[in-house]
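Biologist: I am new to reading structures, and I would like to learn how to look at one feature after another. Could you walk me through this one?

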Amino acid sequence: MRISTLIGTSVASAAAAALGSVVTKSAVQTWYPTLRKPAFTPPNWVFPVAWTTLYADVAVTSAATIDRLDDAGDDSGRRAYLGALGANLALNAGWTWVYFGAHRLGAASVVAGALAVSSADLARRTAQVDARSGAALAAYPAWCAFATVLSTSTWWLNRDR
């Protein structure tokens, strides 16, 4: 893996995280505690640990995939992968703004579902290029699917608001 590619995917992942964190901190301290949440909601400290780990995973596995596609001379595959990665990171940051910024729980559940599908697609694309990198990325769509269930359950419990 080329360091320049890893820097690029790391910057893209960090940008998505930073964009999301703009609205998260104040909402987690004020609005989020007022919501009714399902019994399976993890403690608050789990979320930054999970997301930091997943963003790093996306950066590393994507860099390895992009470089393999580049080394194989697969320009169309590389462009398609970069598009899928960009869309995924946009959905990731977008969910945070819809959920924590706009407090639109129903809409956030839809975005979370789209993010889960996008994450599964990114893991599939990664696995097609390198099975080990695809396996390493498998936790990402699994977490996004869990987040979709959590987001939808929270919306359901608070639909009267």
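**Reading the features**

Modeller: Gladly! Let's start inside: tryptophan 95 and phenylalanine 100 are both buried. Please keep in mind that this is a predicted model.

Biologist: How do I read aromatic rings, and how many aromatic pairs are there?

Modeller: In general, two aromatic rings are described by how far apart their centres are and by the angle of their planes. The count here is 13 aromatic pairs. Take tyrosine 32 and phenylalanine 100: their centres are 5.8 Å apart with 55° between the planes, a tilted pair. Tyrosine 32 sits in the loop between α1 and α2 and phenylalanine 100 in helix α3, so this pair ties together parts that are 68 residues apart in sequence. For tryptophan 95 and phenylalanine 100, the centres are 5.8 Å apart and the planes at 90°, so that pair is edge-to-face. Rings can also gather in a cluster, and one such cluster includes Phe40, Trp51, Tyr55 and Trp143.

Biologist: And salt bridges? Which residue forms a salt bridge with arginine 2?

Modeller: That is aspartate 70, with the closest N and O atoms 2.7 Å apart. Aspartate 70 lies in helix α2 and arginine 2 in the segment before α1, so the bridge ties together parts that are 68 residues apart in sequence. The structure holds seven salt bridges. Another one joins arginine 36 and aspartate 160, whose closest N and O atoms are 2.6 Å apart. Arginine 36 is in the loop between α1 and α2, while aspartate 160 is in the segment after α6, so this pair ties together parts that are 124 residues apart in sequence. Arginine 36 is partly exposed, at 38% relative accessible area, and aspartate 160 is exposed, at 60%.

Biologist: Where do arginine 124 and aspartate 121 lie?

Modeller: Here is the general idea: an α-helix has 3.6 residues a turn, so residues three or four places apart point the same way. Arginine 124 and aspartate 121 are both in helix α4, three residues apart, about one turn of the helix. They form a salt bridge, with the closest N and O atoms 2.6 Å apart.

Biologist: What can I read from α4 as a whole?

Modeller: Begin with its span. α4 has 25 residues and reaches 36 Å from its first C-alpha to its last, close to the 36 Å expected at 1.5 Å a residue. Next, look at its buried residues, among them Leu105, Val111, Leu115 and Leu122. The buried residues of α4 pack against α2, α3, α5 and α6.

Note on methods
Residues are numbered from 1 along each chain as its sequence is written. This is a predicted model: local features need pLDDT of at least 70, side-chain atom pairs count only at pLDDT 80 or more; totals for chains, interfaces and linings use all residues. Side-chain values use heavy atoms; hydrogens and water are left out. Helices (H or I, at least four residues) and strands (E, at least two) are DSSP runs, numbered from the N terminus. The expected span of a helix is 1.5 Å times one less than its number of residues. Buried means under 20% relative accessible area, exposed over 50%, partly exposed in between (1.4 Å probe, protein chains only). Contact means heavy atoms within 4.5 Å. Rings of Phe, Tyr and Trp (its six-membered ring) pair if their centres lie within 6.5 Å; planes under 30 degrees apart count as stacked, over 60 as edge-to-face and the rest as tilted. A salt bridge is a side-chain nitrogen of Lys or Arg within 4 Å of a carboxyl oxygen of Asp or Glu.
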